[in-house]
Amino acid sequence: MADSPLTLSEHLASQQASLSAPHARSVATVLGRIARVSAVIAQELAHAALRDRLGYVGGTNVTGDQVKKLDVWGHEVMESALRETRACAALVSEEVAEPIEMSEAAGANALVVCADPVDGSSNLDVNGSVGTIFSLRPSGGKMPAGPAALGRGTEQIAAGYVMYGPATTLVYTVGQGTHGFTLNRETGEFLLTHPDIRIPRRGKTYGINEGNVLSWHPGQRAFIEHLKTKDKASGRPYSLRYSGAMVADVHRTLLDGGLFMYPADWTDPQKPKAKLRLLYEVAPMGMIVEQAGGGASTGLERVLDLVAADYHQRAAVILGSPEDVATAEEFYRR
Ligand code: AFP
């Protein structure tokens with residue numbers, strides 16, 4: 001009989017040796033708790049229409065998005081779960097302007113968590129996939145702890161996402177490869193189903209909101225034209241796949257290769273405007289994809305080298321198969 005797959009907690013224990021010793025326990029505690037919260041979120045999503053949880057609350061959040069009932073609920077369950085761990089000193093969430101300080105977590109080993117509890121919420125009311133994205137950084141023991149979230153993406157010590165699709169999948173990295181787990185709905189346990197994910201060197205698909213084509217950098221436009229141009233030898237044209245939820249689009253890209261892109265609006269070349277948020281969308285996905293052997297760039301620089309000066313800063317992103325990302329960067333340089 002085949003060995004039973006590792007549970008997430010067993011896998012976290014096996015990864016502890018690779019974490020910097022002082023933070024190992026906090027990381028395992030926080031990741032384990034996020035996994036439990038995500039099993040609750042999965043349940044809630046499955047029953048949202050039955051419990052009148054779909055639709056808007058009215059009003060916009062700090063990044064200007066219309067807020068849905070499940071955005072608010074997801075934020076609240078994430079906040080209280082992280083508070084209970086006493087290993088999280090601050091939460092930077094898409095739903096609140098300033099970091100939420102958690103004085104319960106004293107000590108130098110406490111972490112700062114950046115999270116988008118329910119990302120892709122435009123998919124909620126149409127029963128499409130959505131996700132949770134998270135990133136962990138050391139707090140350095142300082143209070144307030146929130147400012148420790150500001151800095152380079154290379155300072156993240158763990159990152160992950162949960163995809164709520166036909167199955168609930170959790171993918172995480174602590175800087176030793178990228179690993180995927182599937183929720184067993186009967187036991188509530190995440191089981192290792194995708195160990196050490198390696199993204200293909202090149203892919204066959206690209207994901208982008210092509211409705212924005214007229215606002216793109218000329219290099220971005222030329223690159224998309226290139227992907228659409230027939231060339232049997234290099235497998236072009238690529239097929240377009242885009243769901244409107246970053247987690248679902250990145251998950252496809254991670255497993256099948258190719259590209260997920262959200263380029264900036266270059267209508268005013270002096271002030272390019274990106275959409276996705278650096279701390280809880282772009283940087284964590286950058287770490288996950290790099291740890292799977294892929295690339296993550298703005299077109300002009302590596303996303304993990306971007307320095308966040310603001311909790312809700314935005315950044316362009318082109319991530320995926322390493323050769324495809326390198327080709328995109330060439331188009332930006334031309
Ligand atoms: P929402 O959570 O507001 O739906 O935003 C989702 C998201 O940040 C990201 O998950 C998607 O990739 C991207 O926005 C989709 O944006 P467009 O609707 O502009 O294509």
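**Close-up views of a predicted model**

**View 1. Helices H3 and H6 against the sheet.** Helix H3 (residues 69-85) lies across strand E3 (88-93), E4, E5 and E6, and runs at about 155° to E5. Helix H6 (residues 278-291) also packs on the sheet, where it touches E3, E5, E6, strand E7 (158-164) and E8. The direction of H6 makes about 85° with that of E6. Axes are lines fitted to C-alpha atoms, for helices over the stretch in contact, and angles run from 0 to 180 degrees between N-to-C directions; contact means heavy atoms within 4.5 Å. Helices (H or I, at least four residues) and strands (E, at least two) are DSSP runs numbered from the N terminus. The model is predicted, with local features needing pLDDT of at least 70 and side-chain atom pairs counting only at pLDDT 80 or more, while totals for chains, interfaces and linings use all residues. Residues are numbered from 1 along each chain as its sequence is written, and side-chain values use heavy atoms, leaving out hydrogens and water.

**View 2. Strand order in the open sheet.** The sheet has 8 strands in the order E4-E3-E5-E6-E7-E8-E9-E10, with mixed pairing. Its edge strands are strand E4 (100-101) and E10, each of which pairs on one side only. Two strands pair if DSSP finds at least two bridges between them. Strand E5 (residues 111-119) and strand E6 (residues 130-138) are joined by 7 bridges in the antiparallel sense. Within this pair, Val112 has Arg137 of E6 as its bridge partner.

View 3. Strand E8 (residues 168-173) runs antiparallel to strand E9 (residues 179-184), and 4 bridges join them. Thr169 stands opposite Thr182 in E9. The hairpin of E8 and E9 has 5 residues between the strands, and Gly175 takes a positive phi near 95° there. E9 also pairs with strand E10 (residues 189-194), in the antiparallel sense and over 5 bridges. Thr182 has Leu191 as its bridge partner in E10. Between E9 and E10 the hairpin has 4 residues, and Gly188 in the turn has a positive phi of about 75°.

**View 4. Cys88 and Cys114.** Cys88 counts as buried because its relative accessibility is 1%. Cys114 is buried too, with a relative accessible area of 0%. Buried means under 20% relative accessible area, exposed over 50%, and partly exposed in between (1.4 Å probe, protein chains only).

**View 5. Ser321 in a loop.** Ser321 is placed in the loop between strand E15 (317-320) and helix H7 (322-333). With 0% relative accessibility, Ser321 counts as buried. Leaving aside neighbours within four places in sequence, Ser321 is in contact with Ile199, Pro200, Arg201, Arg202, Gly203, Gly257 and Gly258.

**View 6. Surroundings of the ligand.** The ligand is surrounded by 16 residues, the closest being Asp119, Asn209, Tyr242, Met246 and Tyr262; a residue is near a molecule if one of its heavy atoms lies within 4 Å of it. An oxygen atom of the ligand lies 2.5 Å from a polar side-chain atom of Tyr242. For Lys275, an N or O atom in the side chain is 2.9 Å from an oxygen atom of the ligand. At Ser122, a polar backbone atom is 3.0 Å from an oxygen atom of the ligand.

Definitions and conventions: A polar contact is a pair of N or O atoms within 3.5 Å; within protein, one must be able to donate a hydrogen and the other to accept it, and residues adjacent in sequence count only if both atoms are side-chain atoms.
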